[in-house]
Amino acid sequence: MIPGSFSYHRPATVADAVKLLSDLGDEARALAGGHSLVPMMKLRLATPGHLVDLHGVAGLKGIRRDGGNIVIGAMTTQHELLISDEIGKSLPILHEAALLIADPQVRYRGTIGGNVANGDPGNDMPALMITLGASYRLEGPSGSRDVAATDFYQGAYFTALEPSEILTSISIPVPAAGHGYAYEKLKRKVGDYATAAAAVVLTMSGGKVATCAIGLTNLHETPLLATNAAKAVIGTSLDPASLKKAAAAAEAIMSPAADARGPVEYRKHVGGIMVTRALQRAASRAS
Ligand SMILES: Cc1cc2nc3c(=O)[nH]c(=O)nc-3n(C[C@H](O)[C@H](O)[C@H](O)COP(=O)(O)OP(=O)(O)OC[C@H]3O[C@@H](n4cnc5c(N)ncnc54)[C@H](O)[C@@H]3O)c2cc1C
């Protein structure tokens, strides 16, 4: 399929990118790695009249430590996350999840900013961001604002991002030393989006769960923070009864679409299994 015609713009600064998006209005879309937007254009599900390519914008790449946070530039690719020592050391769950996204070709080009800004329930990074308590820096015509990842997702392809804003960076609090983590993703084949996936970040103390956060991918029109499921395991040693309660609490908030990945009941059931597996694997990694 061939996309509709569009004009191509390549600004050099954030201010120029924001001005272009603002001047061109609803017809314009930011272009990052293009691995979600271009396929949608080829299917004519997106028909922007103007693409504002962010590749020439200075300062949108990189991974740096800022006190207790890791700040990742929006144009940092999934491949760059995978080769970063800082990510491997401080946020290993990002490393684990990035490896489960598509294939090397997509990961060389696809960006973390595009993945979290896209609003596709199948994207893997948003559930991690809500699990980790991340916030997004958005730049628009009237300046910048920070939006918590938990407040960003409003519906499928519907986010808090205004049409003239761009996401410039993501700030993620570094989890406690010795934390356990796991991203469990069920997919039909290598390179597929999740049928169901669960992210867990927890700490253990004296053999019991001290803190826990659980995020869910592709089990609702937005990523979900499974707060009651996490509460069900805090203070427990992840015995079978507590794991069962956590899976049931997570399933209670899931409302996946019935699609080629399976009917609703199947996807909820495997969603519960992903939660159980992620909790067990995270606990086995905690020290
Ligand atoms: C075969 C295939 C398999 C895939 N499998 C998976 C998978 O399993 N899991 C997964 O998570 N993803 C998957 N993807 C999607 C891939 O990870 C994309 O790269 C990602 O979703 C979007 O990032 P991008 O940089 O390519 O963004 P683009 O495609 O360029 O943009 C996506 C959307 O976000 C907007 N946008 C991008 N950057 C910004 C910004 N900085 N500020 C504001 N708006 C912005 C664009 O306007 C557009 O609406 C797959 C893609 C392909 C082609």
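What volume does the largest pocket have? I read off about 1100 Å³ for the largest pocket, bearing in mind that this is a predicted model.

**Entry: the largest pocket**

I looked up the lining next and found 46 residues, with R29, A30, G114, A117 and N118 lying nearest the centre of the pocket. I then checked which elements give two or more residues to this lining, and they are β2, α2 (37-42), α7, β9 (158-159) and β10. Sorted by class, I have 22 nonpolar, 16 polar and eight charged residues in the lining of the largest pocket.

**Entry: the ligand**

Which pocket does the ligand take up? I found that the space taken by the ligand is the largest pocket.

Around the ligand I noted 30 residues, and A30, S36, L37, T111 and D124 come nearest. I went through the shell by element: β2 (28-31), α7 (112-117) and β10 (166-173) each supply at least two of its residues. By class, I have 14 nonpolar, twelve polar and four charged residues in the shell around the ligand.

**Entry: polar side chains at the ligand**

I looked up three side chains here. For T111, I noted a polar side-chain atom 2.7 Å from an oxygen atom of the ligand. N123 also places a polar side-chain atom by a ligand oxygen, and I read 3.0 Å for that pair. Y193 faces a nitrogen atom of the ligand instead, with a polar side-chain atom 2.9 Å from it. How much of the ligand's accessible area does the protein cover? On its own the ligand has 960 Å² of accessible area, and I see the protein covering 91% of that.

**Entry: the second largest pocket**

I turned to the second largest pocket last, and it holds about 190 Å³ of space. I found 13 residues lining this second pocket, and the closest to its centre are D120, P121, G122, N218 and D259. By class, I wrote down four nonpolar, four polar and five charged residues for the lining of the second largest pocket.

How values were computed:
Residues are numbered from 1 along each chain as its sequence is written. This is a predicted model: local features need pLDDT of at least 70, side-chain atom pairs count only at pLDDT 80 or more; totals for chains, interfaces and linings use all residues. Side-chain values use heavy atoms; hydrogens and water are left out. A residue is near a molecule or strand if one of its heavy atoms lies within 4 Å of it. A polar contact is a pair of N or O atoms within 3.5 Å; within protein, one must be able to donate a hydrogen and the other to accept it, and residues adjacent in sequence count only if both atoms are side-chain atoms. Accessible areas come from the Shrake-Rupley method with a 1.4 Å probe; for residues, only the protein chains shown count as cover. On a 1 Å grid over the protein atoms alone, a cavity is a set of points where a 1.4 Å probe fits but cannot get out, and a pocket is an open set with protein on both sides within 12 Å along at least five of seven lines; lining residues have an atom within 4 Å of a point. A molecule sits in a cavity or pocket if more than half of its atoms lie within 2 Å of its grid points. Helices (H or I, at least four residues) and strands (E, at least two) are DSSP runs, numbered from the N terminus. Ala, Val, Leu, Ile, Met, Phe, Trp, Tyr, Cys and Pro count as nonpolar, Asp, Glu, Lys and Arg as charged, and the others, Gly among them, as polar. Grid points are joined across faces, edges and corners, and a volume is the space filled by probe spheres set on the points.
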